[in-house]
Every structure is written in C-alpha cells, then in structure tokens.
Amino acid sequence: MIKEILSIKDLAQDEIKNIRDLKEVQAVRVKYLGKKGILTEKIKALGTISKEDRPEFGRVLNETKIYIENLISRHEESFKAAELDRLLKTQRIDVTLPGCFTPGGHLHPTSIVLEEIIDVFLSLGFRIEDGPEVELDYYNFEALNFPKDHPARDMQDTFYVTDDVVLRTHTSPVQIRVMEKYKPPLKIIVPGKVYRCDADVCHTPMFQQLEGFMVDKAVSMADLKGILEVFAHAIFGPDTPVRLRPSFFPFTEPSAEIDIGCVICKGSGCNVCKQSGWIEILGAGMINPRVFKSVGYDPEVYSGFAFGMGIERITMLKYGIDDIRLFFENDKRFLEQF
Ligand code: PHE
C-alpha cells in the first residue's frame, strides 16, 4: 500500500518536471488532487484500510498530498512569473515617455486682424450687418450707380452666375440692403467674403472686405477722416500718418483713396511703397446722392460716408507678408507664427 503511494509520488514528480505551461499545471493538479484525482481516491479509500495500518497509511498519504501540492504550486508560480515577465517585456507602458501632445489650434492671421478691426469700430458705436455673397446685379452694381455697360464695372472682374446674378465683387451692396431696411442715423460695418476673377501675388479669386458707412444729418468728410485715423492708429500704431487722395467710385462723391505712412520704411521710401513713403489701404468717400435716391433717402436731409478695405491686404501690411497666397496654403510653419 505504502509502496503504491510512493510510486504515485514518483510518477507525479516526473510529470510535474515535464510541465511546459500553466495549462498543463492545471491538468496535473486535476489528475492527482482533483475531486476524482488519484490521491483523492486513495484518501477516500482510507476507510477500507485496517485500523492498525490506517494511521501510518494516512500519514504517508497526507505528506505525499502536501508534497505534491507544494510542488505543483511552485511550478505554477514560476510559470506565472515567466508569463508576467513576457507581458511586461512585450506590452510595457513606459510612464517616463512624454505623452501624445495634440497642439491647440488658433485663429487664422486674417481672422485675428479682422477681429481687431471689428473691435475698433464696435468701440466707435458701429454695428455689424451682413448680406448674401451671391448677389443681384442690382445691389452689386445698379443701385450703387454703376449703370449697365458702364466702364467702371471693368474695375471689378466679375464672376457672373446669370445675367442678373453675380458673386458679389465687394461688400458695398450691403449698404443698399441696410439702407432699404432702416432709416438713418446708421453706423454700420459689414465684414464678408467677396469674389473677383483675378489671381497673382496680391489677388485671390476670393478675399475678405470690411465695409463701413455712416449716415446722418450733417456727416462730413472730416468725420470720415477722423474715424479712419482712429482705425489706422489702433491697427498700425498711434504715430501712423493718414492722408486722403482724390479717387473715383461710382457710389461715392467725392471719392478718396486712403493712404497711411509706409509701415515698412516709416516714410523714407522703400520697395513696398515704391519710394513714395505712402501705402494705399482702402477706398472711401461721401455717399453719392444718387445712391441715397435709390434707397429713398432725401439727399438734401442726409449725408454719409462709406469706406471699404481688404482684410488680406491690411493683414499683409501689418505683418509684413509679401504673398497673399500664403493665407490659403495651410502651411503650419506659416500659420504658427501668428
Ligand atoms: N467697394 C469698393 C471696392 O471694393 C471700396 C469702397 C467702399 C470705396 C466704400 C468707397 C466706399 O473697391
């Protein structure tokens, strides 16, 4: 009997030695120590042993069981440790590595400058209006005193949708839409996209403008100059000189081109200002009485000024950017500088 148990012990020992993984550990445990395991059966059979032999037999059986249990457990531990080691090697997370950094975006340079410009005019009591980018010829031209076939239409390389519908070439049509809707006094700015069939280092088929106009009794050219000086000083610095130069737009009379002292050379003459010391930044003028007539305002009672500027141009001057196409290339090396 005792011999039999010792040979079971030897057998188990051999089997345990040859175990290769955790699965086999489990199988050997079931085989010897499970509910119907070889040793378990022997323990169950203790009752059939004679009373004299039972204590000795029980002791050997018990020792063998504990011995095998320990042996299996030790193997199990070493397999678990090896498995953990393997996992740590193949799936380790190195907490000392820097984390994945998702850079935060920011506003496009033209949006930054547009917001600055809007802030200036809001602080002066102007409010924002907008209008459609696909516009009737009537608002884009006709009501602004560009008769059909008038040569001034050639100044604006127009995208026609139909004979009567265009992509607006400027934000000035919103002057008409607003004046049709409201009575004076008005102090309005209109930021928005405009379209012209033109492309080079200074022109893109789509660009942004900001229109501004004021209508009231006794608005004068001095008001226009004063407001534009506040604007130029806020955007380009308090020492920036501003001058008005005679010009022509069908919807303003008189009309002016507004120049600022060259932001690059400060007036001494450079390539950007073509040695003149001045840079044109926007068009402006006193609203033409004909425009007032087309919206039903009495030009004997009301007067007003209007101006329009290109946002990309202002941004280029402010930051010294020499190619408008950089704004559209989405090159992060360029955009990250603002
Ligand atoms: N709309 C004109 C342009 O796009 C600019 C302008 C606006 C001029 C208002 C005078 C008054 O060229």
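**Notes on the predicted model: Met309 and its surroundings**

1. Setting aside neighbours within four places in sequence, Met309 touches Ile117, Phe121, Gln208, Gln209, Leu210, Phe231, Ile281, Leu282 and Ile314. Please keep in mind that this is a predicted model.

2. Which residues have the most contacts inside the largest nonpolar core? Met309 is one of them, together with Ile117, Phe121, Leu210, Phe231 and Phe307, and the core has 38 residues. At least two core residues come from each of α5 (109-123), β5 (206-216), α8 (221-236), β7 (252-261), β8 (278-287), β9 (303-310) and α10 (311-319). The biggest contribution is that of α8, which gives 7 residues.

3. Stepping back to the whole chain, I count on your eye for the overall outline. The secondary structure consists of 11 helices and 9 strands. The C-alpha trace spans about 135 × 45 × 35 Å along its principal axes. The radius of gyration is 44 Å, whereas a compact globule of 338 residues would have one near 20 Å.

4. How much of the protein counts as buried? The share is 41% of the 338 residues. As for contacts with a separation of 6 or more, 66% of them join residues 24 or more positions apart.

5. Now the surface and the charges. The protein exposes about 19,000 Å², and 55% of this is supplied by carbon and sulfur atoms. Its side chains include 43 positive and 51 negative ones, with 11 Å between the centres of the two sets.

6. One residue I would look at on its own is Arg325, found in the loop between α10 and α11 (332-335). Is Arg325 buried, exposed or partly exposed? Arg325 counts as partly exposed because its relative accessibility is 40%, and that class lies between the limits of 20% and 50%. Beyond its neighbours within four places in sequence, Arg325 is in contact with Asp200 and Val201.

7. Finally, a pair to display together: Arg325 and Val28. They are 297 residues apart in sequence, and their C-alpha atoms are 76 Å apart in space.

Technical notes: Residues are numbered from 1 along each chain as its sequence is written. This is a predicted model: local features need pLDDT of at least 70, side-chain atom pairs count only at pLDDT 80 or more; totals for chains, interfaces and linings use all residues. Side-chain values use heavy atoms; hydrogens and water are left out. A nonpolar core is a set of buried Ala, Val, Leu, Ile, Met, Phe, Trp, Tyr and Cys residues joined through side-chain atoms within 4.5 Å. Buried means under 20% relative accessible area, exposed over 50%, partly exposed in between (1.4 Å probe, protein chains only). Helices (H or I, at least four residues) and strands (E, at least two) are DSSP runs, numbered from the N terminus. Contact means heavy atoms within 4.5 Å. The radius of gyration is taken over C-alpha atoms; the globule rule is 2.2 Å times the number of residues to the power 0.38. Accessible areas come from the Shrake-Rupley method with a 1.4 Å probe; for residues, only the protein chains shown count as cover. Lys and Arg count as positive and Asp and Glu as negative; His and the chain ends are not counted. The place of a charge is taken as NZ of Lys, CZ of Arg, CG of Asp or CD of Glu.
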